[in-house]
Amino acid sequence: MTVVATLTAVTLAACGGGADEATKADGPVTIKVWAWYPSFQGVVDLFNKTHTDIKIEWTNAGAGQDQYTKLQTALKAGKGAPDVAMLELQEIPTFQLTKHLVDLGKYGANDVKSNYVDWAWKQVSTGDSVYAIPVDAGPMALLYREDIFQKYGLTVPATWDEYKAQAEKLKSASGGKSFITDFGASDGGFLTGLQWQAGAKPYTYDIADPGTISVAVNNAETKKVLTYWEGMVNAGLADTTAYGTTDFYNGLASGKYATYIAAGWGPGYLQSVAKTTSGKWRAAPLPQWTAGADAQGDWGGSSFAVTDQTKHPEQAATVAKEIFGATNTDAWKIGIDEAYLFPTATPILESDAFMKKEYEFFGGQKVNEVFVPAYNAIGEFAWSPFNSYNFNQLTTGLGQAIEKKTSWTAAIDTAQANIAQYATQQGFKVQ
């Protein structure tokens with residue numbers, strides 16, 4: 001069975017409608033958009049006020065997998081999908097494989113390529129074909145409680161070895177009441193971000209060759225990361241409370257966790273869940289595996305893609321390019337100040353409004369002076385076209401290993417076998 005027959009069955013029912021039926025309309029063309037960005041209504045209103053030929057009709061169809069399930073159902077049915085859909089970067093290969101994403105390269109997308117750093121643009125494109133426009137990203141850094149560091153005489157670590165040493169000092173000085181951090185084994189994006197920083201390449205996959213994939217989930221770099229964190233957890237230096245839970249939020253707010261390994265959207269997230277700690281946090285670069293290195297990883301990020309059910313591909317492409325475009329400073333003011341997005345567009349990143357923005361929650365620190373260099377140093381990374389299964393294997397396997405106190409590296413070996421088997425069953429040629 002071929003990968004096309006297995007994973008792209010949803011395309012067979014989606015022949016109706018689409019770009020071939022594009023027609024000129026009297027008055028503004030209505031473009032339906034699905035997205036779950038916070039404070040997005042203001043961005044939509046701004047677009048509609050500044051464009052006379054296009055009107056956005058926005059729907060929040062649910063966040064993450066909730067939206068993806070609805071979108072996949074609509075694409076399979078051949079009706080009901082939006083013109084433009086928000087897709088996280090890791091989901092683009094999955095949707096592109098089913099041939100339901102319009103190639104925006106045909107509608108001027110490459111004209112804005114220079115507004116994005118190389119790694120971010122490659123997340124949404126192959127060659128001259130462009131399947132989405134990047135919006136935000138999640139370069140990683142270390143957020144830490146300055147008051148706790150001062151209380152226990154801790155120093156900001158530059159390497160992961162130093163980080164462990166400070167964790168041991170904190171455990172001893174606090175009588176075991178504080179952990180250096182909470183390790184997010186329940187979050188596939190967090191785990192992947194740490195793999196990314198360590199130089200791991202779990203997959204080799206090119207949208208241009210959709211039938212072939214290399215699966216190396218249990219690579220040496222990933223095992224190095226897992227061995228390190230298994231040691232931290234087993235020594236009682238790091239907690240393993242599930243991310244996004246009440247206990248996790250309480251830990252950030254109470255001082256149970258002295259640091260939070262965060263993405264570029266983390267400062268806003270932290271501000272919303274730990275309001276009582278305002279002024280106590282600071283940002284520092286992510287510790288390195290090798291002293292003096294500048295290896296970085298990404299956790300999260302999203303884009304706008306155009307589906308093949310649109311009857312107005314040119315106008316839909318304009319929405320994808322311009323709604324959070326590199327020159328749309330008014331939209332980005334909302335995105336940054338209210339939605340806490342970390343922009344991918346270089347002109348926004350390098351603007352004084354972003355780079356020199358002082359965050360009261362961080363004692364007036366200009367935290368983007370930490371996150372922007374991290375973003376610029378991120379290397380290339382390839383996602384699989386079955387990321388939901390990939391994340392499930394990572395988080396389930398590690399969760400069970402933590403609960404049963406079994407080997408983390410054995411868990412990733414099991415994930416490797418399961419994922420390789422799954423890929424083969426889906427019709428991929430696994431290398």
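In helix α9, residues G188, G189, L191, T192 and Q195 meet F391, L394, T395 and L398 of helix α18, where contact means heavy atoms within 4.5 Å. The structure is a predicted model, in which local features need pLDDT of at least 70 and side-chain atom pairs count only at pLDDT 80 or more, while totals for chains, interfaces and linings use all residues. Residues are numbered from 1 along each chain as its sequence is written, and side-chain values use heavy atoms, with hydrogens and water left out. By class, the contact of α9 with α18 holds 4 nonpolar, 5 polar and no charged residues (Ala, Val, Leu, Ile, Met, Phe, Trp, Tyr, Cys and Pro count as nonpolar, Asp, Glu, Lys and Arg as charged, and the others, Gly among them, as polar). Helices (H or I, at least four residues) and strands (E, at least two) are DSSP runs, numbered from the N terminus.

Turning to the sheet, 5 strands form an open, mixed arrangement in the order β2-β1-β3-β14-β6, two strands being paired if DSSP finds at least two bridges between them. Its edges are β2 (54–59) and β6 (133–139), each pairing on one side only. Neighbouring strands are turned by 20 degrees against each other on average, direction ignored. Strand β1 (residues 29–34) runs parallel to β2 and is joined to it by 6 bridges, and T30 has K55 in β2 as its bridge partner.

Helix α3 packs on this sheet, touching β1, β2 and β14 (298–306), and its direction makes about 165 degrees with that of β2. Its buried residues (under 20% relative accessible area, with exposed over 50% and partly exposed in between; 1.4 Å probe, protein chains only) are F40, V43, V44, L46 and F47. Seen down the axis of α3, these fall within an arc of 160 degrees, so they line one face of the helix; the arc is that of the directions from the helix axis to the C-beta atoms. Their cover includes β1, β2, β14, α13 and α14.

Definitions and conventions:
Axes fitted to C-alpha atoms, helices over the stretch in contact; angles between N-to-C directions.
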